[in-house]
Amino acid sequence: MHIGANVSIAQTGLLRAVEESISYKADTYMIYTRSNRGGQAKPIEGFHRDEALALMNQHALADPVVHLSYLVNLASPKAETFEYGVMVLSEEIKRVEYLGFKYIVMHPGSHVGTGMEQGIKRIAEGLNAILTGDESLFLCLETMAGDGSKVGNRLEEIAELISLVDHKERLGVCIDTCHNYSAGYDIVNDFDGFLHQFDELLGLESLKVAHINDSKTPFHSNKDRHANIGRGSLGYEAINYIVHHPAMQDIPLILETPGGYYKEEIALLRGETDELPPDGKSADEGM
């Protein structure tokens, strides 16, 4: 099992992320390289890359992930929003390649009323304007919870989107346990069935990253509300089964749970304790 958490880059950039991950006894991690509030991104050259990579090697951290800013929405019908998304994602690919990471996770986008079919076509248009095929990383489309006008709630939507992209070899998929359960996939009682559907539609080889979260809301709620492991509607047993499943080995498993109890949750899922983490107060909406 290859597990870590969403960590900070405050002050010392990648060095801060690595040090925080070490404190959780993690062996991977995820960061955002830029603020979700917008504005100019900090120069990637100031992220203390070389020091951080050396420290990663010392502590056996591998396959870190970057999450794209939520402000990117390639499904938008608005020209300025679409063009901003193309610019930011193009820039982010270069930033992540500088760090030497292999994965960028992105929310596909929200069609904001134009309809799913149009939203999918619009995202594909954006990805075709960005991807050259020479990238040294995978752009991983995240599965969504079914809320609002988001694209990617169903595996079929992800498959259709990928089919429209020219350089589909540079694409992967990131599943999210909270999102999948909220979208109506009963991964609590039939995770193997979900994986079978995934394999038929997308191929298991395209599963590159997984977000591991419990859910504050019930099955098929179509709401994106993360809960701490064992404190939500999925429950500890189902999540423990998922993270130890053979198909989930050797890919980064990333916690995005509330409250910052990552050390406790990692120990729980590794079988080093049987104590559930505290119940985080904030819902971490939109992760």
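Among contacts in this protein between residues at least 6 apart in sequence, 77% join residues at least 24 apart. The model is predicted, and the values below are computed from it.

**Overall form**

The protein contains nine helices and 10 strands. Its radius of gyration is 18 Å, which agrees with the value near 19 Å that a compact globule of 287 residues would have. Along the principal axes, the C-alpha atoms fill a box of roughly 50 × 45 × 35 Å. Of the 287 residues, 55% are buried.

The protein exposes about 11,700 Å², and carbon and sulfur atoms supply 48% of that area.

**Aromatic rings**

How many aromatic pairs does a search of the whole structure find? The search finds eight aromatic pairs. One of them joins Tyr32 and Tyr70 in an edge-to-face arrangement, with 5.8 Å centre to centre and 80° between the planes. Tyr32 lies in the loop between strand E2 (28–31) and helix H2 (49–58), while Tyr70 lies in the loop between strand E3 (65–67) and helix H3 (79–99), so the pair ties together parts that are 38 residues apart in sequence. Tyr32 is buried, with a relative accessible area of 13%. Tyr70 counts as partly exposed, at 29% relative accessibility. Elsewhere, Tyr185, Phe191, Phe194 and Phe198 form one aromatic cluster.

Why is helix H9 described as largely enclosed by the rest of the structure? Helix H9 covers residues 262–269, and six of its eight residues are buried, so the rest of the structure largely encloses it. The buried residues are Tyr262, Glu265, Ile266, Ala267, Leu268 and Leu269. They pack against strand E1 (3–6), helix H8 (236–243) and strand E10 (253–255). After H9 comes Gly271, whose phi is positive, near 80°.

Helix H8, one of the packing partners of H9, contains Ile239. With 1% relative accessibility, Ile239 counts as buried. Leaving aside neighbours within four places in sequence, Ile239 is in contact with Ile212, Asn213, Asp214, Ile229, Leu234 and Leu269. Leu269 is also one of the buried residues of H9. Ile229 and Ile239 are 10 residues apart along the chain, and their C-alpha atoms are separated by 7.4 Å.

**A buried loop residue**

Ser110 belongs to the loop between strand E4 (103–106) and helix H4 (116–130). Is Ser110 buried or exposed? Ser110 is buried, with a relative accessible area of 18%, and the cut-off for buried is under 20%. Leaving aside neighbours within four places in sequence, Ser110 is in contact with Asn73, Ala75, Ser76, Ser149 and Lys150.

**Accessibility of individual residues**

The table lists the residues discussed one by one.

| Residue | Relative accessible area | Class |
|---|---|---|
| Tyr32 | 13% | buried |
| Tyr70 | 29% | partly exposed |
| Ser110 | 18% | buried |
| Ile239 | 1% | buried |

The class of Tyr70 follows from its 29%, because partly exposed covers what lies between the limits of under 20% for buried and over 50% for exposed.

Technical notes
Residues numbered from 1 in each chain as written. Predicted model: local features only at pLDDT ≥ 70, side-chain atom pairs only at ≥ 80, totals over all residues. Heavy atoms only, no water. Helix = DSSP H or I, 4+ residues; strand = E, 2+ residues; numbered from the N terminus. Rg over C-alpha atoms; globule rule 2.2 N^0.38 Å. Buried < 20%, exposed > 50% of the residue type's maximum accessible area, 1.4 Å probe, protein only. Contact = heavy atoms within 4.5 Å. Areas by Shrake-Rupley, 256 points an atom, 1.4 Å probe, with all protein chains shown as cover. Phe/Tyr/Trp six-rings, centres within 6.5 Å; stacked < 30°, edge-to-face > 60°.
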